[in-house]
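The following questions and answers concern the structure shown below.

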Amino acid sequence: MKKLILKPGREKSLLRKHPWVFSGAVERVEGNPDSGETVLVRSSHGAFLGWAAFSPKSQIVARVWDFAEPTQIDREFFRARFQRAIGMRSALLDVSGTGGVRLVHGESDGLPGIVVDRYAESLVLQLGSAGAYRWRDTLVELLGELTGVHAIFERSDADVLALEGLEPSIGQRRGSPASAPIVFEENGLRFRVDLQHGHKTGFYLDQRDNRALVRSLAAGREVLDCFCYTGAFTASALAGGASAVTAIDSSAESLATAAAHMELNGLAGAQIVEADVFQTLRRLRDQGRSFDLIILDPPKFAPTAALAERAARGYKDINLYAFKLLRPGGLLLTFSCSGGVSRDLFQKIVAGAALDAGVDGQILRWLNAAPDHPVALAFPEGEYLKGLLCRAPT
Ligand code: SAH
């Protein structure tokens, strides 16, 4: 039996069912396990703690698959975990008119390093740990069996791979590559997704409920969609009856898809602008423009807590200008997907921005990722997307 023996007192987080073992907590490794191989984790007193996947090159040297001693980590284990994750989605999500769903969300679904997104009749598998890499073929087979989906594309190219010492792995793993762009629905709107080159696995599925919220708030409003990517918020606002939407992004390629999405859904009224948001917000302010509904959904400014300060300046800047551009009674949906910026800190930054803009703002709602992106209570690091719906006074 290959084993990790922890240093005295370092079992505490595992006893709370947190799945990560940091290299500094390990006293010794026995049996020379391969990358990704299952190891038994024991405390310094010899107590059983869990079955984990060994990641020799990572600071997170092992990720626990299961905390129960009788469990075997085998094909049936992954089948049961997949069934549990997929079952939760079908039980809890209203997916009528929605073909884009995250079926498996890593650690928070008890499957460290494994993400699976469904886009209509295609699946995307994104692996991010040595353990997940080792089980790749089994995972692909099981997903085919359990979902009945024939096309499975692997898109293992997230930044975390470098930290795990793994090479990117991209390609069709089951079925034949799609000959045309994949089109799926979200709340009845149609979107195209490029599984190979799109951000993440192609689309920001985590914002589904917030786009539905925008749709419900948009009627008659003039909207500014900042960092619009392929225009999913813009389409939602127009579908909700927005009078006009200005959509800004710096990526010409994403904007071409955004324009295609407006056409695909028969939506008119979007002005799509290729520009830097930081500069454009200032320019709009100088031009005396104002809006009834503003969306700020920037990229990750701070992947780690160490970069939080620089990120805070970025968030402060765009939120300050957004508040300045809001009409009386206007609404701001503002987001951060930086793991390194806590919800608390984000709210403080937004409060500071409103204060400096001279807007006596209110929070109407705290916003989250959609429930197909759950956060395990034992794994608070799983929370990354946070947002606020704010209102300017009339
Ligand atoms: N709101 C989108 C997702 C946004 S992702 C959706 O719901 O689908 C972040 C986007 O910000 C990316 O498309 C990226 O091209 C864009 N971006 C990053 N930095 C930018 C900048 N300084 N100015 C404008 N766009 C930027």
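Q: Which residues form a positive surface patch?
A: The model discussed here is a predicted one. Residues of a patch must have over 30% relative accessible area, and Arg16 is exposed, with a relative accessible area of 60%. The positive surface patch is formed by Lys7, Arg10, Lys12 and Arg16.

Q: Where is Arg16 found?
A: Arg16 is one of the residues of the positive surface patch. Helix α1 covers residues 12-15 and strand β2 covers residues 20-22. Arg16 is found in the loop between α1 and β2.

Q: What arc do the buried residues of helix α9 cover around the axis?
A: In helix α9 (residues 277-286), the buried residues are Val277, Thr280, Leu281 and Leu284. The arc that they cover puts them on the same side of α9. An α-helix has 3.6 residues a turn, so residues three or four places apart point the same way.

Q: Which exposed residues does the face of α9 turned away from its buried side carry?
A: The buried side of α9 holds Val277, Thr280, Leu281 and Leu284. An exposed residue has over 50% relative accessible area. On the face of α9 turned away from the buried side, the exposed residues are Gln279 and Asp286.

Q: How many residues apart in sequence are the parts that Lys2 and Glu37 tie together?
A: Lys2 and Glu37 form a salt bridge, with the closest N and O atoms 3.2 Å apart. Lys2 lies in the segment before β1 (3-6), whereas Glu37 lies in the loop between β3 (26-30) and β4 (38-42). The pair therefore ties together parts whose separation in sequence is 35 residues.

Q: Is Glu37 buried or exposed?
A: A residue is buried if its relative accessible area is under 20%. Its salt-bridge partner Lys2 counts as partly exposed at 26% relative accessibility. At 17% relative accessibility, Glu37 counts as buried.

Q: What is the distance between the closest N and O atoms of Glu154 and Arg173?
A: Glu154 counts as buried at 0% relative accessibility, whereas Arg173 is partly exposed at 32%. The two residues form a salt bridge, and their closest N and O atoms are apart by 2.7 Å.

Q: Which helix holds Asp317, the salt-bridge partner of Arg282?
A: The side chains of Arg282 and Asp317 meet in a salt bridge at 2.5 Å, N to O. The pair links distant parts of the chain, 35 residues apart, with Arg282 in helix α9. Arg282 is partly exposed, with a relative accessible area of 31%, and Asp317 is buried at 17%. The helix that holds Asp317 is α10 (residues 308-325).

Q: Where is the place of Asn187?
A: Asn187 is a residue other than glycine with a positive phi, near 45°. At 29% relative accessibility, Asn187 counts as partly exposed. The place of Asn187 is in the loop between β12 (182-186) and β13 (189-193).

Methods. Residues are numbered from 1 along each chain as its sequence is written. This is a predicted model: local features need pLDDT of at least 70, side-chain atom pairs count only at pLDDT 80 or more; totals for chains, interfaces and linings use all residues. Side-chain values use heavy atoms; hydrogens and water are left out. Patches are made of residues with over 30% relative accessible area and no salt bridge: like charges are joined within 9 Å, nonpolar side chains (Val, Leu, Ile, Met, Phe, Trp, Tyr) within 5 Å. Accessible areas come from the Shrake-Rupley method with a 1.4 Å probe; for residues, only the protein chains shown count as cover. A salt bridge is a side-chain nitrogen of Lys or Arg within 4 Å of a carboxyl oxygen of Asp or Glu. Lys and Arg count as positive and Asp and Glu as negative; His and the chain ends are not counted. The place of a charge is taken as NZ of Lys, CZ of Arg, CG of Asp or CD of Glu. Helices (H or I, at least four residues) and strands (E, at least two) are DSSP runs, numbered from the N terminus. Buried means under 20% relative accessible area, exposed over 50%, partly exposed in between (1.4 Å probe, protein chains only). The arc is that of the directions from the helix axis to the C-beta atoms.
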